Amino acid sequence: MKIVAFFSALFLSVALLLTALYSVAVGTDTYEYHQVRLRVAERSLFSEEELSLLNCEVAGYLKGENELSGANFSERERMHMVDVRNLVFLCRRVMCVSWALSAIGILTVCLREKWNASILLLRGAWQALGAMAGAILLIAAVCAVDFTWAFTLFHKILFTNDLWLLSASSTLIRMFPEDFFRAMAGSIGLRFAGMLLLALSVGKGLKYYADTRC
């Protein structure tokens with residue numbers, strides 16, 4: 001059961017990370033918050049109303065609700081966004097599978113171990129978090145040293161073409177400059193950390209309840 005508990009916690013951690021990533025990637029509220037803070041409207045020469053409409057169009061496209069308008073986005077931008085949407089769809093699928101595997105694993109541990117389940121799952125959670133923390137801290141350190149290099153490397157790894165190399169005058173670059181993505185990465189990290197703390201708090205509460213019943 002220790003192995004099952006470890007992988008249950010690992011899948012839960014992955015599910016939480018991808019949930020944070022997906023919610024930020026398709027969240028117009030997050031777009032607008034960072035755009036206002038970074039004064040993107042002034043820099044892009046879009047009005048706030050135009051920017052808000054473009055945000056809704058992009059977020060809706062990434063969720064599969066609409067297509068991008070040729071009046072607002074160039075053919076190259078729309079071709080690039082096909083790749084981006086495919087990645088978002090993949091993120092959503094992996095997120096759902098991770099939630100399902102985590103739920104199955106946690107249920108299995110609970111049915112087999114009864115009141116000891118919370119102890120096993122918490123131990124598994126700390127081990128899984130240790131495994132993830134190393135990778136996340138390494139990525140964070142690289143981004144802190146040279147975000148532009150990390151941002152470029154990220155695109156080269158994820159995309160098999162150079163469609164992501166857009167001109168400074170393109171709609172997407174004006175909407176989402178590099179410092180916007182740096183801020184979005186921070187939002188993902190904060191949401192992930194918050195959800196992890198909540199999950200660990202629930203686990204601690206269940207362990208305390210189990211201890212009082214023993």
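Colleague: Which residues do ring pairs link into a cluster?
Modeller: This is a predicted model, where local features need pLDDT of at least 70, side-chain atom pairs count only at pLDDT 80 or more, and totals for chains, interfaces and linings use all residues. Residues are numbered from 1 along each chain as its sequence is written, and side-chain values use heavy atoms, with hydrogens and water left out. Rings of Phe, Tyr and Trp (its six-membered ring) pair if their centres lie within 6.5 Å; planes under 30 degrees apart count as stacked, over 60 as edge-to-face and the rest as tilted. On that basis, the cluster links Tyr31, Phe147, Phe151, Phe176, Phe180 and Phe181.

Colleague: What kind of pair do the rings of Phe151 and Phe181 make, and how far apart in sequence are the parts they tie together?
Modeller: The ring centres are 5.2 Å apart with the planes at 40°, so the pair is tilted. Phe151 sits in helix α7 (residues 147-158) and Phe181 in helix α9; helices are DSSP runs (H or I, at least four residues), numbered from the N terminus. The pair therefore ties together parts separated in sequence by 30 residues.

Colleague: Is Phe151 buried or exposed?
Modeller: Buried means under 20% relative accessible area, exposed over 50%, partly exposed in between (1.4 Å probe, protein chains only). Phe181, at 33%, is partly exposed. Phe151 comes in at 18%, so the call is buried.

Colleague: Which residue has its charged end over the ring of Tyr61?
Modeller: A charge sits over a ring if NZ of Lys or CZ of Arg is within 6 Å of the ring centre and within 35 degrees of the ring normal. At 4.0 Å from the centre of the Tyr61 ring, the residue is Arg85.

How values were computed. Helix = DSSP H or I, 4+ residues; strand = E, 2+ residues; numbered from the N terminus.
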